[in-house]
Amino acid sequence: MLQEKIKLINKDFSFEIKSIKDAKQLDDLRVKYFSKNGLVPSLFALLKEATSKEKPLLGKILNEFRTDLQNQFDNVNSQLNDIKNTNLNKLDLTLPGVISNIGSKHILTQTLDEIKFIFKGMGFSVHEGPELESDYNNFEALNFAQDHPARDMQDTFFVSDDFVLRTHTSPVQIRLMKKQKPPVRAIMPGRVYRNEAVSSRSYCMFHQVEGLYVDTDVTFAELKGTLASFAKQFYGDDLKFRFRPSFFPFTEPSAEMDITCFICKGDGCKICKQSGWLEILGCGMVDPNVFDNVGYDNEKYTGYAFGMGIERIAMLKFGITDIRVFFENDYRFLKQF
Amino acid sequence: MKISLNWLKEYVDIGNLPVPELISLLTMSGLEVEDYKDQNEIYKDFIVGFVKDKKKHPNADRLSLCTVYNGKEDLQVVCGAPNVDKGQKIIFAPVGSTIPKGNFVLKKAKIRGTESCGMICSEDELGLGDNHDGILVLDSSLVEGTPICDALNLNDVLIEIAITPNRPDALSHIGVARDISALLGKELKIPKVKSSKSISKLAEIEIEDKLNCPRYSAKIVKNVKINESPAWLKNKIKNIGLRPINNIVDVTNFVMHEVGQPLHAFDLNNLSKKKIIVKSTKEISTFKTLDSKDRKLPKDTLMICDGEKPIAIAGVMGGENSEINLETKDILIESAYFNPSSKRKTSKALALNTDASYRFERGTNPNITDFAAIRAAELIAEVSGGKIEEGIIDNYPNKIEPKKLTVRFTRISKLLGFGIDKEKIKNILSALELNIIKEDKDNLIVTVPTFRPDIEREVDIIEEIARINGYENIPTISKISITLDKKTDETTFTELIKSVANSLGFYEMINNPLLSKEKAMVIGDPIIVKNPQNLDMEYLRTSLIQGGLKVVSHNIKFGEKDLQLYEVGNVFNKTKKNIKSFDDFTEKSKLLFIVTGKSTKKEWNVNESGYDFYKLKGFLNSFERKIFLDNVLNDSYNAHESNFYDNYFQKNYKGKKIGEGGKLNKKILEQFDISQDVFLFEYDLEYLKDIAPDKKYYIEPLKFPKIYRDFAFIFDKEIIYNSVIEFISKNSSELSKSVRIFDLFENESLGKNKKSLAFALEYYSKDRTLTEEEVEKDFRSIIAAVTKKFDAQLRGN
């Protein structure tokens, strides 16, 4: 009789405790089962009616039953308390994070880094040279004769009759070849100066990367292959390129390299002056006179050289239309990259 | 240089080649076309219109309401030009045409409430001239509705070519035609002239300076009538961007642009003794050129003189005293060859660059002077009614012969990386007038025409072959070999520096090293540029500081007041007055850190704080740690010799300064319009690179627990931190410990002129667990020592 009742109550309790969702429901449950007149104490009242023989066993069963229910109750109670506490301590996760300061390299440095990465991968070393150069290294050794109009190609700042602010990174070629025998394969980044009026398109100072490769069997075909690979790695695989004849005193034959304008894809736009092409660098086979000037055998060795302006590349790549912003160092500009 | 396609076609047949293909052909052969205007394309929509009527615009005083007849119908057109009038023939732009100036498509528009169906054009709007004061009024005989291409002969293609300095031969229409003839395999047609062998007796030429004037030819035309040129000549001159002047000058310009030989016409009757003497000046002198300017001539300027006086600066510009004028009857046409480098010196010295000097300094053809003189004489006779004097005067003592050069077939493929068919090579060379005089299976021997001074060596001929054959026909290889020798990268350290700076929150700036004298502020001994672009960029920086402060100032103006910047760059100092060698100056790489404003902005859970002297020091310490120079450099705090800094310190390595900086003085900042505190530090980057180890060895972390103690003392205010910490660090027992200040407190309650410094001590050992007793003993002994040494009072006891 008592045992049947226990079973019945147990069934109800098990069902009800599973559906408890808040403290109120739990308290209702407590009142129903554990209060003075609750269902569990009422079972103990029934115990009085049992025989003295049955009493010890029933008492034991009843006690175990009560402990079991109490445990279940306590578990749920503590779960509810946990939830309650968590809710009380809960963060407003939507508040903004605390900002840490982080800097970055100038966009010109980042552009140069990318160029360096590509050429280093092709086995080029990286060398530097001074910005204040001798007229000899900047011009004469590079086959610019003293009174040749080729000198007009690069308006020059002079600090004395014999010293100039270098107009290109090419004198580093001379320095490198004078101290190293072939093979020489290097790029030479650096700052150069031109005595030109400052405008949105030209500045009196900018940066170049020079390239040089000299060995016994260097050909124009290899120059084309190397620079085509560079352009594709830097600008994208789908570009077209072309090499046009040009003139630099220190290379013969000389060329300029154009790539399809990546803004209009070759259809013609303002950036490419409707031509569909963008000039990205000058190059050529090292002039034999340059080899003479550094003491290389110009029959045995051939070589190529190239040079590109980093500002121009960055302007094209990032859509910058005024070269002066690179050197204003406006924080709002610097922070963008 | 401008080339007219119609003119060009007189020398080479381009067949049906479309204009864009011709343009591309030129560009791809080294005559880079910068721009071209196809008049047939540009002006295709414009027609002759007739202004039937003109009324005032109802709503605008300055506008007229015109009725324009276009040959088919009357249209209402609003016009703003003051000179528009009833009865004029004008250039009419119908709706839908593209206006060259501004490149916009004309739409039917309402102007001040009145509809306008087209536009009456000015010269300027059409790109036909500079006049934008009013509309262009046409000849009244023109018929309404005629396309202006027909009415005004606008059927040319004007091509702007950038000629590289090595190609003086291409500075003429025949020169460009020669390249095209080689590219297309068509014949080059050079105009014929009557040969003129006999010597004219009418004038005499004497060359004193044979080095700088190897040849002087002249031709005389008598009884010319100076007048406007005929339309065909004016049109040609205009199309290549020149201004027609008179029939004589226009012919000399025509011939120069035809064959590349600059000419000059003298009034023969103004030549004293009918004599030309070519000689160089012996001393500095002045000379009035035909533009009425007095030119100061340096010594050794080559002059053309008559029997008495100088009459022209040879190859640069004529003199006012011998200029032809409306009364001129007889002329002497000068056609000479001058030494290129001498011409360049003169034009540089005088800062006078003319079409003639431009060509002479690049190198003209010495063997064409006679041809050009005769060609000009014949044309002048034709257009001025003059009579050509028989014979030519030609002084050419030492004929300049074409060079002979050998080309090896093997060298061509060695340089270019592929072989070119021998017949093709020979055809290219012949077309360029590089005549093959001998040939065997390995070599060609060619003569180089004297109009190609740039071709001096075998490699120059190889370039010609590659150029005409097309660079696009050179293969683009897809594999390269890489040597296995060591690769170097001299920029590695700078890259490391930059990434550390970035991680500390600094942005990189790149500044112009050229500064104004004022901004250069004379730190060190700056190098001055002799020919600056302007006075703002006259001095080379001796420090990165000025550039940095300019950036701070710029940013503050634009509301960016909290800045953390760095720069890596070279600075320059001279060590001798005149720079003649690399020993006379220094060029050093420096690294500048600069902070100003707030380091932390107020946020909902963070308090605001500003950059200060100690934050700067902290940055430097972190920076040094990351380049493995922690605890290597020593700071020193002697005052700076100038009043540049309010708070100055210096970092040294083995007694030598490696950098300096601190808080800048307000007076310095005022010069840059900066009113907030600025903290900066400049390192000598080369020295830093020299001493920075390229690797660091691993230090095993401690395995035994540390024991911590701390204490605070009250000191006299003038006792500096450094003396206390050094004393604690060095004092007493052998136990290892690190010491760190964690509090500084000043208050009247401590007593007058007192301060409290609190230190945390960490005791440790690499090989055992320390006992509380030994640490306590050491700790107590330090307390006693500090108390005694500094007369300090331990707090909290």
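Chain A is assigned two domains, domain 1 (2-89) and domain 2 (107-334). The bounds come from an automatic or database domain assignment. The C-alpha centres of domain 1 of chain A and domain 2 of chain A lie 88 Å apart.

This is a predicted model: local features need pLDDT of at least 70, side-chain atom pairs count only at pLDDT 80 or more, and totals for chains, interfaces and linings use all residues. Residues are numbered from 1 along each chain as its sequence is written, while chains are lettered from A and ligands numbered from 1 in the order in which they are written.

**A helix pair in chain A**

Helix α1 (residues 2-18) of chain A packs against helix α3 (residues 39-47) of chain A at an angle of about 175 degrees, with their axes 11 Å apart. Helices (H or I, at least four residues) and strands (E, at least two) are DSSP runs, numbered from the N terminus. Axes are lines fitted to C-alpha atoms, for helices over the stretch in contact, and angles run from 0 to 180 degrees between N-to-C directions. α1(A) and α3(A) are therefore roughly antiparallel to each other. Angles under 35 degrees count as roughly parallel, over 145 as roughly antiparallel, 65 to 115 as roughly perpendicular and the rest as oblique.

From α1(A), Leu2(A), Lys5(A), Ile6(A) and Ile9(A) meet Leu39(A), Leu43(A) and Leu46(A) of α3(A). By class, the contact of α1(A) with α3(A) has 6 nonpolar, no polar and 1 charged residues. Contact requires C-beta atoms, placed from the backbone, within 7 Å. Ala, Val, Leu, Ile, Met, Phe, Trp, Tyr, Cys and Pro count as nonpolar, Asp, Glu, Lys and Arg as charged, and the others, Gly among them, as polar.

**Chain B overall**

Chain B has 22 helices and 43 strands. Its radius of gyration is 41 Å, whereas a compact globule of 797 residues would have one near 28 Å. The radius is taken over C-alpha atoms; the globule rule is 2.2 Å times the number of residues to the power 0.38. The C-alpha trace of chain B spans about 125 × 80 × 60 Å along its principal axes. Of the 797 residues of chain B, 40% count as buried. Buried means 20 or more other C-beta atoms within 10 Å of the residue's own, exposed 12 or fewer, and partly exposed in between, with C-beta atoms placed from the backbone.

**Interface and a loop residue**

In all, 78 residues of chain B are in contact with 65 residues of chain A. Helix α14 (residues 458-469) of chain B gives the largest share of the side of chain B that touches chain A, 6 residues. By class, that side has 33 nonpolar, 24 polar and 21 charged residues.

Leu106(B) sits in the loop between β8 (104-105) and β9 (109-111) of chain B. Leu106(B) counts as partly exposed because it has 18 C-beta neighbours inside 10 Å. Not counting residues up to four places away in sequence, Leu106(B) touches several residues, among them Ala93(B), Val95(B) and Met119(B).

Notes. Contact = placed C-beta atoms within 7 Å.
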